[in-house]
Amino acid sequence: MIPTENAGQHDNGDCAFALDRIESFALGALDSFDRGIVEHHLRWCESCRREAARFERVVEFMHLSTPLGPPPSDNIKQQLMNRLTSDDLAPPLDSHSHRVERSAERAPSPRGWTRYIPAAVAAPLAIALLVVGAWANSLRTDLSDREQALDNQIELNGSLARGGQVRLFSVEQSCPDCEGNGHVGVSESNGMGMVVGQDFNPSQQHDVWGVNDKGEKKMFCKLEVDPSGAVMQMFTFPDAPSAFTDVYITDEYGAMIYVSGESSGTHESTPSEKQTPLPTT
Amino acid sequence: MASYISRGRFQGVDAATPRVFGTMSMTRPESSVDMLELDDATLAGRVADGSTIALEVLYDRYSRVVLSFATRILGDRQSGEELLQEVFLRTWQQARNYSAERGSFVTWLLSITHNMSIDEIRKRRRRPQRADSADPVLMLTNVTDDSPSVEEFAELGDLRLTMIRAIQTLPMAQRSAIELAYYRGLTQREIAEELGQPLGTIKTRMRLGMRKLREYLETHEMELA
């Protein structure tokens, strides 16, 4: 890997992955998986964001050096203005409205006993873990309140995480195309993990991936999402869990739902919004 | 074209004229004649508020620029004109995402154009090729083209000449890797397959080429960050 001139400013291990691909990222030459990882990293790392901006400016200068051709035909403008005023064209969107629109399209969570199928399955699944006794005790479902989301019904015990028996990762909603969020629990002793979450798009395929300390990407499992968008699934790590520094969940288009690093409970994060000229999805 | 330049809506890099964004007249202009006096950032804000007149003014200013760029990537004028409409429709829908702090409106607009053009090229690759589809011969530099460039239209001085010289400093292998990504939207992996080269080789060429371009532009005092 070619060392970067700004390496001294980047003390985060994640920077190495992003910096190794920063030029290709600016050119749009990364595949969707790598692009998603770099995009997510840039939300958090100002140093890498500055580096990316310098290469993006090179690309912008390429745009501006294009020779100028003849003007467009006169009818193009009229066609455009007619389309603007047509009823089926959406008005200008703000930067978050697409999320609101997508959320409105989702079917409401089903009520009744079907919501508790994941919870009913959780107990026998949890026993399979070596530290399952403590894990199972940490899970409790709030059957009296049917309005609460799934992650309010299942509360992971923070003391487990602090005791080192189980590592917890919180799934951050960082992908604009999926509202999925929740937790991933990892048992170091038997190499098993468990995904608990909600608001995943059930019509899309979601995969769980990890990146190990060698920068290798490995798929852990394909998630099975309940029609309500809930997920509760166990999986086996292909290598020792401690070797993996990052865990990701992707949808079928490669869009990323990043699973953050180790936390002792719910991870509250407000990543600064990265302005992009155009989403390419 | 001269009438657009004289209205001064784009300050460029003229040190004698401070760059001004977001200026508003005391009375909110309602007519297209008033809109003509507004700078790009203000017009973009009006578009975000739903002003079709503001979008029309921006179209009049930059449609030729967008069409030239789109045609160059897509290879034919008809496709370019179709994409021109789509670019301005996207601008209509996402004007609120533009911020003058990130750069000029024209570069934002051309970034949209580039992204949409590349998306179209990628769609075409997934479809059976039409008999009349042309594989455009695309070069980042064209020293025989005497027509004014986008940057000259947008009053950015000698950018094009500097960019041409910067590209010419690259070894052909590095230039090819960058061009295939920039004009044809190929990923590194796809470029490696097309050229029959190892992926690592393409990654290195792209990296070194972009670094050389950046170094050249920065050496010639081009503001890159």
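Reader: Which residues in helix 5 of chain B meet helix 5 of chain A?

Author: Happy to walk you through this predicted model. On the chain A side, the contact uses Ile76(A), Gln79(A), Leu80(A), Arg83(A) and Leu84(A). The chain B residues are Glu81(B), Leu84(B), Gln85(B), Phe88(B), Leu89(B) and Trp92(B).

Reader: How are helix 9 of chain B and helix 11 of chain B oriented to each other, and why?

Author: Helix 9 (residues 172–184) and helix 11 (residues 199–219) of chain B pack with their axes 8 Å apart, at an angle of about 95°. Angles of 65 to 115 degrees count as roughly perpendicular. Therefore helix 9 of chain B and helix 11 of chain B are roughly perpendicular.

Reader: How many nonpolar residues are in the contact of helix 9 of chain B with helix 11 of chain B?

Author: Helix 9 of chain B brings residues including Ala173(B) and Ile178(B), while helix 11 of chain B brings, among them, Ile202(B) and Met206(B). Beside two polar and two charged residues, the number of nonpolar ones is eight.

Reader: In the hairpin of strand 4 and strand 5 of chain A, which residue takes a positive phi?

Author: Strands 4 and 5 of chain A run antiparallel, joined by six bridges. Gly210(A) has Lys218(A) as its bridge partner. Four residues lie between the strands, and the positive phi, near 80°, belongs to Gly215(A).

Terms used: Residues are numbered from 1 along each chain as its sequence is written. Chains are lettered from A and ligands numbered from 1 in the order in which they are written. This is a predicted model: local features need pLDDT of at least 70, side-chain atom pairs count only at pLDDT 80 or more; totals for chains, interfaces and linings use all residues. Axes are lines fitted to C-alpha atoms, for helices over the stretch in contact, and angles run from 0 to 180 degrees between N-to-C directions. Helices (H or I, at least four residues) and strands (E, at least two) are DSSP runs, numbered from the N terminus. Angles under 35 degrees count as roughly parallel, over 145 as roughly antiparallel, 65 to 115 as roughly perpendicular and the rest as oblique. Two residues are in contact if their C-beta atoms, placed from the backbone, lie within 7 Å. Ala, Val, Leu, Ile, Met, Phe, Trp, Tyr, Cys and Pro count as nonpolar, Asp, Glu, Lys and Arg as charged, and the others, Gly among them, as polar. Two strands pair if DSSP finds at least two bridges between them.
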